[in-house]
Amino acid sequence: MLPHTSREEARGQAREHAGNDARETSGTSRAYAASLDARDPLAGFRDRFRLPPGVVYLDGNSLGALPDDVPAVVDDVVHRQWGTDLIRSWNTHDWWNAPTRVGDAIAPLIGAAPGQVVCGDSTSVHLFNALVAALRARSGRSVLLADPDTFPTDAYLADSAARLCGAEVRRVPAAEAAEVLRAEGTGVAVAAYNHVDYRTGELRDVAGITAAAHDTGALVLWDVCHTVGAVPVDADALDLDFVVGCTYKYLSGGPGSPAFLYVARRLQAGFDPALTGWHGHADPFAMEPAYRPADGIARARIGTPPLLGMLALEAALGVFGEAGITAVRAKSLALTDLFITCADELGLAVATPRPHARRGSQVAVRHPEAHAVMAALVDRGVIGDVRPPDILRFGFNALYVSFADVVAAAEALGDVLASGAHRDPKYTVRNTVT
Ligand SMILES: Cc1ncc(COP(=O)(O)O)c(C=O)c1O
């Protein structure tokens, strides 16, 4: 089934596949997209981002677009705070408290009350620290339940944390995790899963896996890199234990912006991570010879934070706070509905689940020449990315992607496939980033 399927046939198939979802969108014309944009309550937010003209940016799930609020803040941090105020800025500009302050700004986006999120370091570092802390907190148990389809860094760090703590990693697909947790009884120390499958965009059952883990006394760690800023997380309401996430994707914190870690308040007093740096000490400037953990979430701090990135992120977060995650999620689902309908019309194999409850904020379609197709699309100004072996990934940030963008991207994709433009030898060179 490829672009040769007639439009009418494909429409019929799309309706059959989509079931109830078909009622939630209809039509794939430019006029219909324009009418959706005209009714979009978030449409005004697009001007709060700096997007180059002529580009349809569907890779905000890898590197978010630049928020308009950021450059002036970075300029101020560099020239005034660093250049003029120098080391005094740790106090006068409250650099010292930035990790917990920015953590509190991220908290509402993951459904967390203040005092439970710290910002700094990378997702990988937080993953490692939280996994070791979880294994230490359940030291009588030997199994780390992990997602076989997880992002590679999560897999590598699970192996390393388990090795360090004498545990065994058992890889169980998310769909079977609750059942396995119940069957294992008290064997599992921690279940570590991604909120969304980074390839297909499939959303996992956070409530079900968490409840099953807690029923057996196990802890959960959720990696929300691919959902924070696009899909509600509900950390407090679902009683999550640990949540890690990056900020350079949907949150537009900038390349390499610092990640965050949520530690539920009830676990903080016993939080015993692998990396016990001086910024997590109870009295850092006493320069004591031995580690004494700070109270609260501050003990999850490690060393000196990357302040340029963190203060850029703080500026970026404003726009997300204003929009509200509920409105963002509603539009994201409408955008992905429309793109899925377009992909169905093109006869493409959509790898992303159709029910809203199982879909993140991206759409993945399979194509045997995914790399070349994406390279040809990027040349046409439509930027998405690819993941092996055959996935074309399109991410939808509701704050700056319009319905017109969706239709334009689908038209460009249809044009590439119908014309065979991707077979041009210049597109066979593999690009490691997109
Ligand atoms: C689910 C997930 N976890 C972790 C990471 C990356 O971790 P880090 O920020 O340490 O590079 C990514 C990056 O794409 C990711 O998708």
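Reader: Which strands does H7 lie across?
Author: In this predicted model, H7 lies across strand E5 (143-146), E6, strand E7 (188-194) and E8. Its direction is at about 145 degrees to E6.

Reader: What else packs on the sheet there?
Author: Helix H8 (residues 174-184) does, touching E5, E6 and E7. The direction of H8 makes about 175 degrees with that of E7.

Reader: And the sheet itself, what order are the strands in?
Author: The order is E4-E10-E9-E8-E7-E5-E6, which makes 7 strands in an open sheet with mixed pairing.

Reader: Which ones are the edge strands?
Author: Strand E4 (117-119) and strand E6 (168-171), each of which pairs on one side only. On average, neighbouring strands of this sheet are turned by 20 degrees against each other, direction ignored.

Reader: How many bridges join E8 to E9, and do they run parallel or antiparallel?
Author: There are 3 bridges between E8 and E9, and the two strands run parallel. Asp 223 stands opposite Val 244 in E9.

Reader: Where does UniProt put the "binding site"?
Author: The UniProt entry, which is unreviewed, lists Thr 123, Ser 124, Phe 151, Pro 152, Thr 153, Asp 154, Asp 223, His 226, Tyr 248, Trp 278 and Thr 304 under that name. These positions are spread over 182 residues of sequence, and in space they are up to 30.2 Å apart between C-alpha atoms.

Reader: Which of this set are in the lining of the largest cavity?
Author: Asp 154 and Asp 223.

Reader: Take Asp 154 then. Buried or exposed?
Author: Asp 154 has a relative accessible area of 9%, so it counts as buried. Asp 154 is part of helix H7 (residues 152-165).

Reader: What is Asp 154 in contact with?
Author: Leaving out neighbours within four places in sequence, Asp 154 is in contact with Leu 127, Asn 194 and Asp 223.

Reader: How many residues apart are Ala 162 and Val 77 in sequence?
Author: They are 85 residues apart in sequence, and 40 Å apart in space from C-alpha to C-alpha.

Reader: New topic. At what angle do H2 and H14 pack?
Author: Helix H2 (residues 30-38) and helix H14 (residues 403-419) pack at an angle of about 155 degrees, and their axes are 7 Å apart. Angles over 145 degrees count as roughly antiparallel, so H2 and H14 are roughly antiparallel to each other.

Reader: Which residues meet there?
Author: From H2, Arg 30, Ala 33, Leu 36 and Asp 37 meet Phe 403, Ala 404, Val 407 and Glu 411 of H14.

Reader: And Ser 402, where does that lie?
Author: Ser 402 lies in the loop between strand E15 (391-395) and H14. With a relative accessible area of 11%, Ser 402 is buried.

Reader: What does Ser 402 touch?
Author: Asp 37, Arg 46, Lys 331 and Leu 335, not counting residues up to four places away in sequence. Asp 37 is also one of the H2 residues that meet H14.

Technical notes
Residues numbered from 1 in each chain as written. Predicted model: local features only at pLDDT ≥ 70, side-chain atom pairs only at ≥ 80, totals over all residues. Heavy atoms only, no water. UniProt positions renumbered as here; feature names shortened; annotations may be inferred. 1 Å grid on protein atoms, 1.4 Å probe; cavity = no way out; pocket = protein on both sides within 12 Å on 5 of 7 lines; lining within 4 Å. Helix = DSSP H or I, 4+ residues; strand = E, 2+ residues; numbered from the N terminus. Buried < 20%, exposed > 50% of the residue type's maximum accessible area, 1.4 Å probe, protein only. Contact = heavy atoms within 4.5 Å. Pairing = 2+ DSSP bridges. Axes fitted to C-alpha atoms, helices over the stretch in contact; angles between N-to-C directions. Parallel < 35°, antiparallel > 145°, perpendicular 65-115°, else oblique.
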